[in-house]
Amino acid sequence: MVVALVCGNIGGVPVLPFGLGVHELVIWPLTFGISAIFAAIGVGWAGNLLAPDHARSRFLPIVGVSEVAATIVTVIAVAGFVLHRATA
């Protein structure tokens, strides 16, 4: 879990400054997606490194689940932004 958090932040934080020139409805999904990819790769790498028999992780399902989770979070975030703009 810590590896996913660290790798996700390493991948996602450098994307955030682009939010100064890009609308927030574009930058948040982009940040969540890139963070999910980095987190999935980091977790797969840590799983390979720490496995007692040095088995290989299946990266495609790991990245797929991470991207689905990022999509769900992005949809919720965009819906929140839209609702906030509609009520303001």
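Helices (H or I, at least four residues) and strands (E, at least two) are taken as DSSP runs, numbered from the N terminus. The structure is a predicted model, in which local features need pLDDT of at least 70 and side-chain atom pairs count only at pLDDT 80 or more, while totals for chains, interfaces and linings use all residues. Residues are numbered from 1 along each chain as its sequence is written, and side-chain values use heavy atoms, with hydrogens and water left out.

Helix 2 has 27 residues. From its first C-alpha to its last, helix 2 reaches 38 Å, close to the 39 Å expected at 1.5 Å a residue. The expected span is 1.5 Å times one less than the number of residues in the helix. Helix 3 covers residues 59-87, 29 residues in all. Helix 3 reaches 42 Å between its first and last C-alpha, close to the 42 Å expected at 1.5 Å a residue.

The packing of helix 1 on helix 2 was examined next. Axes are lines fitted to C-alpha atoms, for helices over the stretch in contact, and angles run from 0 to 180 degrees between N-to-C directions. Helix 1 spans residues 2-12 and helix 2 spans residues 24-50. Their axes come within 7 Å and cross at roughly 140 degrees. Helix 1 and helix 2 are therefore oblique to each other. Angles under 35 degrees count as roughly parallel, over 145 as roughly antiparallel, 65 to 115 as roughly perpendicular and the rest as oblique. The crossing of helix 1 and helix 2 is right-handed. A crossing is right-handed if the near helix is turned clockwise from the far one by less than a right angle, and left-handed if anticlockwise.

Helix 1 contributes V3, A4, C7, G8, G11 and G12 to this contact. Helix 2 contributes T31, I34, S35, F38, A39, G42, V43 and A46. Contact means heavy atoms within 4.5 Å. By class, the contact of helix 1 with helix 2 has 8 nonpolar, 6 polar and no charged residues. Ala, Val, Leu, Ile, Met, Phe, Trp, Tyr, Cys and Pro count as nonpolar, Asp, Glu, Lys and Arg as charged, and the others, Gly among them, as polar.

Helix 2 also packs on helix 3. The angle is about 155 degrees, with the axes 8 Å apart. That makes helix 2 roughly antiparallel to helix 3. The crossing of helix 2 and helix 3 is right-handed. The contact between them has 17 nonpolar, 5 polar and 3 charged residues.

Burial was then assigned by relative accessible area: buried means under 20%, exposed over 50%, and partly exposed in between (1.4 Å probe, protein chains only). The buried residues of helix 2 are I27, T31, G33, S35, A36, A39, A40, G42, G44, A46 and N48. Helix 1 and helix 3 are among the elements that cover them. In helix 3, the buried residues are S66, A70 and T74. Their cover includes helix 2.

G44 lies in helix 2. G44 is buried, with a relative accessible area of 0%. Leaving aside neighbours within four places in sequence, G44 is in contact with S57, F59 and I62. G44 and R58 are 14 residues apart in sequence and 7.7 Å apart in space, C-alpha to C-alpha. R58 is found in the loop between helix 2 and helix 3. R58 is exposed, with a relative accessible area of 65%.

At 15% relative accessibility, N48 counts as buried. Not counting residues up to four places away in sequence, N48 touches H54, A55, R56, S57 and F59. A51 has its place in the loop between helix 2 and helix 3. With 16% relative accessibility, A51 counts as buried. A51 and I10 are 41 residues apart in sequence and 23 Å apart in space, C-alpha to C-alpha.

A70 sits in helix 3. A70 is buried, with a relative accessible area of 8%. Beyond neighbours within four places in sequence, A70 is in contact with F32, G33 and A36. The C-alpha atoms of A70 and P29 are separated by 7.9 Å, although these residues are 41 residues apart along the chain.
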